[in-house]
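These are my notebook entries on a structure that I looked up.

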Amino acid sequence: MNILIKKKNNIDSKKILKIIKKYKTPVWIYNKKIIKKKILELKKFDIVRFAQKACSNIHILKIMKKNGVKVDAVSLGEIERALYAGFKGNSQDIIYTSDIIEDNTLKKVILYKIPINIGSIDMIKKIGKKSPKHKVWIRINPGFGHGHNKKTNTGGKNSKHGIWNSKEAFKLIKKFNLKLIGLHIHIGSGVNYIHLKKVCKAMIKEAISINHKISYISAGGGLTIPYKNYKEKVNIKDYYKIWNKSRNKISKKLNCKIKLEIEPGRFLVAESGLLVSKIESIKYVKNRIFILLNCGFNELIRPMLYGSYHYISVLPMDNRILDYSNTMEVIVGGPLCESGDIFTQKENNHLYTIKIPIVKIGDYLIIHDVGAYGSSMSSNYNSRPLIPEILIKKNNFIQIRRRQTIQEMLSLEI
């Protein structure tokens, strides 16, 4: 497969070059305007809850808070981030979602009266013994799943997530005097309308089966974005319509008002993010050309982990005009001591080439749509420090995480 890369219209080259001059590369860049636009697209839902695992920077969380979005936390660290960003305890601001709950996390959840989205029977027993009357949700595993990759499928018999027998769970919830307030289903990332209708039917069936008045149902997350230019965007109007119809059926059957919640991660932040990196080497290997960058899968692991595609464009270091009629066919990789450190790969490590204008060492490549599961999944692999994050706000930009130093990385071990 080879793809001709053309410049995207939403890149402000001059602004990016200013950021590069000040903060060097590699660097993450987010556009606040795009995040706000994506939030507005979901305004029909009663509650929009950001799955912060997608991009957990405190400054990004503050944007969510300011624009009326609530937050999901899946660890003690994410709870602390949410509290630091201004989300409140003893409310629906934060929900803790997991299949286990460790002792230190449980203490924090009890202290701040944070509702828990329960993913296992053992969690019910542990919470019930320590915090009777605690507000809880049941995360239902409906017996099937769906995802753009096996690793993102979160339903069915091969998934560790959610509760298989919700009636058994509800019996225990009553036994331990916990307060069931909501039902949640999330079966994986990617929108497939056949699966969506199955999920909605499963939610209706489970709610009627439990036969208990609740305040909320959650459609989960998994809303896609068009990583490839020709891919269609999710039809939010249709998506809402299907879920709203299901909400109304449940509300009528249980004779109670129910708020409809959605829990996106990628949808809200992916398109806002760029990873800017410098070309360090143009390497000729038999009949192939490798472009080697100064960022690797320790920064962006999605291509190696999932075979995920990301649009890549060229930014010349010297403001020259790019000639798209004169191209080179390349594989794009990073500096890591690992054969899998390639950005242009499909599942099962199958490499593909892309066509780009003729580039020189010192030019920059921009990897697009990395605002979700980019920085939040990055690591210190090969003892490489974490890179800075920059937020573009209107005509200005600010650093929202500075570059980690090698000394800071080593300090945990000294």
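**Entry 1: Asp-363.** I looked up Asp-363 in this predicted model and found that it counts as buried because its relative accessible area is 0%, under the 20% limit. Asp-363 forms a salt bridge with Arg-320, and the closest N and O atoms are 2.4 Å apart. Asp-363 sits in the loop between strand E15 (353-357) and E16, and Arg-320 in the loop between E13 and strand E14 (327-333), so the pair ties together parts 43 residues apart in sequence. I noted Arg-320 as partly exposed, with a relative accessible area of 24%.

**Entry 2: strand E16.** I next checked whether the residues of E16 (364-368) are covered, and recorded 5 of its 5 residues as buried. On one side I listed Tyr-364, Ile-366 and His-368, and on the other Leu-365 and Ile-367. In a regular strand the side chains alternate between the two faces of the sheet.

Which strands pair with E16? Strand E11 (residues 273-285) runs antiparallel to E16 and is joined to it by 5 bridges. Strand E13 (residues 312-315) also pairs with E16 in the antiparallel sense, over 4 bridges. I traced Ile-367 in both pairings: Leu-275 stands opposite Ile-367, and Ile-312 has Ile-367 as its bridge partner.

**Entry 3: further salt bridges.** I recorded a count of 14 salt bridges. One of them joins the side chains of Asp-46 and Arg-247, at 2.6 Å from N to O. This pair links distant parts of the chain, 201 residues apart: Asp-46 is in the loop between helix H2 (32-40) and strand E3 (47-51), and Arg-247 is in helix H9. Asp-46 is partly exposed at 41% relative accessibility, whereas Arg-247 is buried at 9%.

I also noted a salt bridge between Glu-408 and Arg-402, at 2.5 Å from N to O. Glu-408 is partly exposed at 28%, and Arg-402 is partly exposed at 48%.

**Entry 4: surface patches.** Where does the largest share of the positive patch come from? Helix H9 supplies that share, with 4 residues. Helix H8 (193-210) and helix H9 (236-254) each give at least two residues to the patch, whose members include Lys-43, Lys-197 and Lys-245. Lys-245 lies in H9 and counts as exposed because its relative accessibility is 55%.

Leu-410 lies in helix H12 (residues 406-411) and is partly exposed at 38% relative accessibility.

Terms used: Residues are numbered from 1 along each chain as its sequence is written. This is a predicted model: local features need pLDDT of at least 70, side-chain atom pairs count only at pLDDT 80 or more; totals for chains, interfaces and linings use all residues. Side-chain values use heavy atoms; hydrogens and water are left out. Patches are made of residues with over 30% relative accessible area and no salt bridge: like charges are joined within 9 Å, nonpolar side chains (Val, Leu, Ile, Met, Phe, Trp, Tyr) within 5 Å. Accessible areas come from the Shrake-Rupley method with a 1.4 Å probe; for residues, only the protein chains shown count as cover. A salt bridge is a side-chain nitrogen of Lys or Arg within 4 Å of a carboxyl oxygen of Asp or Glu. Lys and Arg count as positive and Asp and Glu as negative; His and the chain ends are not counted. The place of a charge is taken as NZ of Lys, CZ of Arg, CG of Asp or CD of Glu. Buried means under 20% relative accessible area, exposed over 50%, partly exposed in between (1.4 Å probe, protein chains only). Two strands pair if DSSP finds at least two bridges between them.
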